[in-house]
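Here is my note for your first look at this protein. Keep the viewer open and check each point as you read.

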Amino acid sequence: MQSNLEQRMKIDIFCTVIDNWGDAGVCWRLSRQLCREWQAQVRLWIDAPEVLQPWLNECVHDENLTVCAWNEAVNWRSIVPAEWVIEAFACEIPAVYIEQMKDLDVKPKWFNLEYLSAEPWVESHHLLCSPQSGGLNKVFYFPGLTEKTGGLLRERDLLVRRDAFVAEHPEYWQTCTGFESAPHALKISVFGYEHLPLMQWLPALVRGEPTIQLAVTAGKAQIAFENAWAQLGYTPSENGRYAQGNLSAVFLPMLSQTEYDQLLWSADINAVRGEDSLVRAIWAGKPFFWDIYKQDDGAHWDKLHAFCVAYTRQANALSADIWTQWQMAWNSHESPTTEHFAELWQIFSKHIDALNTMSSNFCTQASKQTDLCTGLVAYGGRLTQWLAS
């Protein structure tokens, strides 16, 4: 009789790190969910395994997940392909590995996990098949915001855990950031890269209302903040704290994914970057700014506009307009003047209650959609088998 470990579905996930923590973050969450909720045995092949280091201790004993370095030293002819092969974000898996796939009597199910997009064409491309040589077939799997797409990554108990955590840890923001309790302060977390429009935004926070507590996550966001702070001539930091006018800011250490989720839940607004943190901001149910991945041909503008349309579809016209204008300004290569940026910020912050309602409603509605991992398992034909095991 086969052991439980031998009966587990074997899955290889391939990931090349292009956008710092974003690509790795999505693959790490997907790998863990497949292990934890579907008892899969996963090998995560990643070309920059060091990116995962801050998160490795999150794995628990019942997660059968192995992180494998994807480099030139791998002898692919000695690697038996898994039953499922997932290439994340159109990365090109090794040719020798593909030849190994062709040699198997039972060909692996091969998925190309695409980037998240709310553009209308995604529905017609989701689950399209691309026949390959040697009897292989590749299926394109598109995350999205409708039932006709692959959904969003969401663990089964995520929103229950979120609500329980918020109820049990009302002071988590203070615990995580070191800020003192300030009931009327607006709490904002910031994750982003070098091109954040801080030269325009920070003056709006310093001079405007209400009082702001800003928590800047580790990495490029802190470098961008330091540079902007110095260029603006603000008071140098004291004991790692920045203060000017109505703005106070602190730098956070590198957080685990669990800690980052909890930070998003405890903030009033979250500035996020790329795909992984965007999805987690959606599940936080709070207003956020999305720093979208910029493309040289400007294709990201269509993607951003489509997302804003989808996100505000059920909102009132005023909230939708305020939300969309701010997202476009936040991502503009040619940022609005400091004065116009301050005006947009004051409108956004003034309507924070309405925007919070809009974000909460979208989160609730999106949670009714089949999550990405469950959808993937169902399409792969393993849902009934797993549920019966």
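A salt bridge here is a side-chain nitrogen of Lys or Arg within 4 Å of a carboxyl oxygen of Asp or Glu. Keep in mind that this is a predicted model.

1. **A network of charges.** Which residues are linked in a network of salt bridges? They are Arg29, Glu155, Asp157, Arg161, Asp261, Asp276 and Arg280. The search of the whole structure finds 16 salt bridges.

2. Look at Arg280 and Glu155. Their side chains meet in a salt bridge, at 3.0 Å from N to O. Arg280 sits in helix α10 (residues 276-284), while Glu155 is in the loop between β7 and α5 (158-168), so the pair ties together parts that are 125 residues apart in sequence. Arg280 is buried, with a relative accessible area of 3%. Glu155 also counts as buried, at 9%.

3. Glu87 forms a salt bridge with Lys138, and the closest N and O atoms are 2.9 Å apart. Glu87 belongs to strand β4 (residues 84-88) and Lys138 to strand β7 (residues 137-141). Glu87 is buried, with a relative accessible area of 3%. Lys138 is buried as well, at 13%.

4. **A bridge between sequence neighbours.** Asp163 and Arg162 meet through their side chains in a salt bridge of 2.9 Å, N to O. Arg162 counts as buried, at 14%.

5. **A charge without a partner.** Asp23 lies in helix α2 (residues 21-38). Asp23 is buried yet has no salt bridge. How far away is the nearest side chain of opposite charge? That side chain is Arg273, 9.1 Å away. Leaving aside neighbours within four places in sequence, Asp23 is in contact with Cys15, Thr16, Val17, Ile18, Phe89 and Tyr115.

6. **An open sheet.** Six strands form an open sheet, in the order β10-β11-β9-β8-β12-β13, with mixed pairing. β10 (241-244) and β13 (288-291) stand at the edges with a single partner strand each, so one side of each has no neighbour in the sheet. On average, neighbouring strands are turned by 15 degrees against each other, direction ignored.

7. β8 (residues 186-190) and β12 (residues 269-273) pair in the parallel sense over three bridges. Ser189 stands opposite Asn270 in β12. Helix α9 (residues 257-266) lies across β8 and β12, running at about 140 degrees to β12. Helix α10 packs on the sheet too, touching β12 and β13. The direction of α10 makes about 160 degrees with that of β12.

8. **Aromatic pairs.** The structure holds 42 aromatic pairs. The rings of Phe14 and Trp70 have centres 5.2 Å apart and planes at 80 degrees, so this pair is edge-to-face. Phe14 lies in strand β1 (residues 10-15) and Trp70 in the loop between β3 (64-69) and β4. Both Phe14 and Trp70 are buried. The rings of Phe307 and Tyr311 have centres 5.5 Å apart and planes at 25 degrees, so this pair is stacked. Phe307 and Tyr311 both lie in helix α11 (residues 299-311), four residues apart, about one turn of the helix.

Terms used:
Residues numbered from 1 in each chain as written. Predicted model: local features only at pLDDT ≥ 70, side-chain atom pairs only at ≥ 80, totals over all residues. Heavy atoms only, no water. Helix = DSSP H or I, 4+ residues; strand = E, 2+ residues; numbered from the N terminus. Buried < 20%, exposed > 50% of the residue type's maximum accessible area, 1.4 Å probe, protein only. Lys, Arg positive; Asp, Glu negative; His and termini not counted. Contact = heavy atoms within 4.5 Å. Pairing = 2+ DSSP bridges. Axes fitted to C-alpha atoms, helices over the stretch in contact; angles between N-to-C directions. Phe/Tyr/Trp six-rings, centres within 6.5 Å; stacked < 30°, edge-to-face > 60°.
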